[in-house]
Amino acid sequence: MLGSQQHCRSCWSFVPVSVKPSSSVRTMGSVPFCDCTQVSTQEDSLEMERQQAARSLFELTDLNGDGLVSVEDFSLMGLFQTKVHSEKPMTLKDEDRVQNIFIQRFRREIDAELRPVAYAHYKDYLMRSVNSMDPG
């Protein structure tokens, strides 16, 4: 204890001991904590949501349910998403072109040898993609 202050047990910033619990200072017994614990809880919650979304996307993309995302799964899911958002019907030539775009993306961003990937590897790809769109 330094005078009438103690360190927050979470972030180690100084917290006045004489202050009663409020919006900026919390206690666990007599141990003070500042709002940093609330912020970290919110960040943890957002990270948990991202992890759940990544798992859901993996399961949706794993079309045959074998626990791996193959280049076929990836390109078919890309084709499906493109068709859903297309304003006009696609020809077979259009479909082949779109699938080839997704095959090249798989090669460039997921696995250069086009091998099927497990959840952890696919999740890394998803997080890189999301972070490249919104680095904050």
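Student: What kinds of residues make up the lining of the largest pocket: nonpolar, polar or charged?
Tutor: Eight are nonpolar, four are polar and one is charged. Keep in mind that this is a predicted model.

Student: Noted. How much space lies in that pocket?
Tutor: About 220 Å³. Of its 13 lining residues, Phe74, Gln81, Tyr122, Tyr125 and Leu126 are the closest to the centre.

Student: How does one find empty space like that anyway?
Tutor: You roll a probe the size of a water molecule over the atoms, and that shows where space is left.

Student: Which helices supply the lining of the largest pocket?
Tutor: H1 (36-61), H2 (71-85), H3 (92-109) and H4 (119-133) each supply at least two residues. The largest share comes from H4, with five residues.

Student: Let's step back. What pattern does the protein follow along the sequence?
Tutor: It reads β-β-β-β-α-α-α-α. That is four strands and four helices.

Student: New topic: rings. How many aromatic pairs does the structure hold?
Tutor: Seven. Take Phe74 and Phe102: their pair is edge-to-face, 5.9 Å centre to centre, with 65° between the planes.

Student: Why two numbers for one pair?
Tutor: A pair of aromatic rings is described by both the distance of the centres and the angle of the planes.

Student: Where do Phe74 and Phe102 sit in the chain?
Tutor: Phe74 is in helix H2 and Phe102 is in helix H3. They are 28 residues apart, and the pair links distant parts of the chain.

Student: Are those two buried or exposed?
Tutor: Both Phe74 and Phe102 are buried. Across the protein, buried residues make up 26% of the 136 residues.

Student: Which residues do the ring pairs link into a cluster?
Tutor: Phe58, Phe74, Phe102, Phe106, Tyr119, Tyr122 and Tyr125.

Student: Last one, the core. Which residues in the largest nonpolar core touch the most other members?
Tutor: Val69, Phe74, Phe106, Ile110, Tyr122 and Tyr125, out of 17 residues in that core.

Student: And which helix gives the most to this core?
Tutor: H4, with five residues. Still, H1, H2, H3 and H4 each supply at least two.

Note on methods. Residues are numbered from 1 along each chain as its sequence is written. This is a predicted model: local features need pLDDT of at least 70, side-chain atom pairs count only at pLDDT 80 or more; totals for chains, interfaces and linings use all residues. Side-chain values use heavy atoms; hydrogens and water are left out. On a 1 Å grid over the protein atoms alone, a cavity is a set of points where a 1.4 Å probe fits but cannot get out, and a pocket is an open set with protein on both sides within 12 Å along at least five of seven lines; lining residues have an atom within 4 Å of a point. Grid points are joined across faces, edges and corners, and a volume is the space filled by probe spheres set on the points. Ala, Val, Leu, Ile, Met, Phe, Trp, Tyr, Cys and Pro count as nonpolar, Asp, Glu, Lys and Arg as charged, and the others, Gly among them, as polar. Rings of Phe, Tyr and Trp (its six-membered ring) pair if their centres lie within 6.5 Å; planes under 30 degrees apart count as stacked, over 60 as edge-to-face and the rest as tilted. Buried means under 20% relative accessible area, exposed over 50%, partly exposed in between (1.4 Å probe, protein chains only). A nonpolar core is a set of buried Ala, Val, Leu, Ile, Met, Phe, Trp, Tyr and Cys residues joined through side-chain atoms within 4.5 Å.
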